Amino acid sequence: MTAETRPVTVLFDADKLILELHHDAEGAYHAFPGGHPGTAAAPRVALSLEEALHARIRPAGTAEAVLRAWSLGGAPQGPVALVDPAAVEPVRVRAGAVVIRDGALLLIRFTEEGGGSHYEIPGGGVEAGETPAAAVLRELDEETGLAGTVGPEVARVWKDGRHEHYFLVSATGEVGPPETLDNYGGAPAWVPVERLPATPLWPRRLSWRIEHWHRTGWPERPAELADSITELGPPCGW
């Protein structure tokens, strides 16, 4: 993911971020002033930090940097680099299954040297001629042995050159025997949803949102998130 030379503008009015309001085929989204050169003037809105954390803000890479700094008390103002991973051809497209049963999220647990662990949402690469919705069921079966029905797409995440699609999936059956599963040394594990914000889970910026959405309702349109986080230990609230 690289930054373009053209900057966008970060503006604040008191403690609210000023953004332009735009619409596409999926509905409303927000953009930084200067992010859409050559387009007609768009109305501006002021969002609090809490509102901005749950808004579709483009470009996603710039939004990640601004929200990270703002959450940590150092919000930038003025020109910042435009970082738009959605404009770059992905090196891989991935589909992931958000499966919640009895208040727990199904994850793949990987044991690290020294005894630590990290987790990933079940899923994998979308094959040629395959849709992300079809891939998510295939990968869920390969990694956990579960069958399922695909629900709405809840998030799109750009990470390390990948474009990742995450779907709610209603799964049936029980996790298969370890010797029948293909998950690259990991093992399926059910983690209580309320523990997700503190769980070392990839993608990091999605972990606390799943807990929030499970309590308050799932987004009407997929969240759009860039995730450049490389260390899973520190808390993430942006």
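**Pockets and a helix**

Analyst: The largest pocket has a volume of about 350 Å³, a volume being the space filled by probe spheres set on grid points joined across faces, edges and corners. Of its 22 lining residues, R92, R94, E120, G123 and G124 are the closest to its centre. This is a predicted model: local features need pLDDT of at least 70, side-chain atom pairs count only at pLDDT 80 or more, and totals for chains, interfaces and linings use all residues. Residues are numbered from 1 along each chain as its sequence is written, and side-chain values use heavy atoms, with hydrogens and water left out.

User: What makes a set of points a pocket, and what makes a residue part of its lining?

Analyst: On a 1 Å grid over the protein atoms alone, a pocket is an open set with protein on both sides within 12 Å along at least five of seven lines, whereas a cavity is a set of points where a 1.4 Å probe fits but cannot get out; lining residues have an atom within 4 Å of a point.

User: How does the lining of the largest pocket divide into nonpolar, polar and charged residues?

Analyst: The lining of the largest pocket divides into 8 nonpolar, 4 polar and 10 charged residues. Asp, Glu, Lys and Arg count as charged, Ala, Val, Leu, Ile, Met, Phe, Trp, Tyr, Cys and Pro as nonpolar, and the others, Gly among them, as polar.

User: Which residues of helix 2 are called buried?

Analyst: They are A60, G61, T62, A63, E64, V66, L67 and W70, because buried means under 20% relative accessible area (exposed over 50%, partly exposed in between; 1.4 Å probe, protein chains only).

Technical notes: Helices (H or I, at least four residues) and strands (E, at least two) are DSSP runs, numbered from the N terminus.
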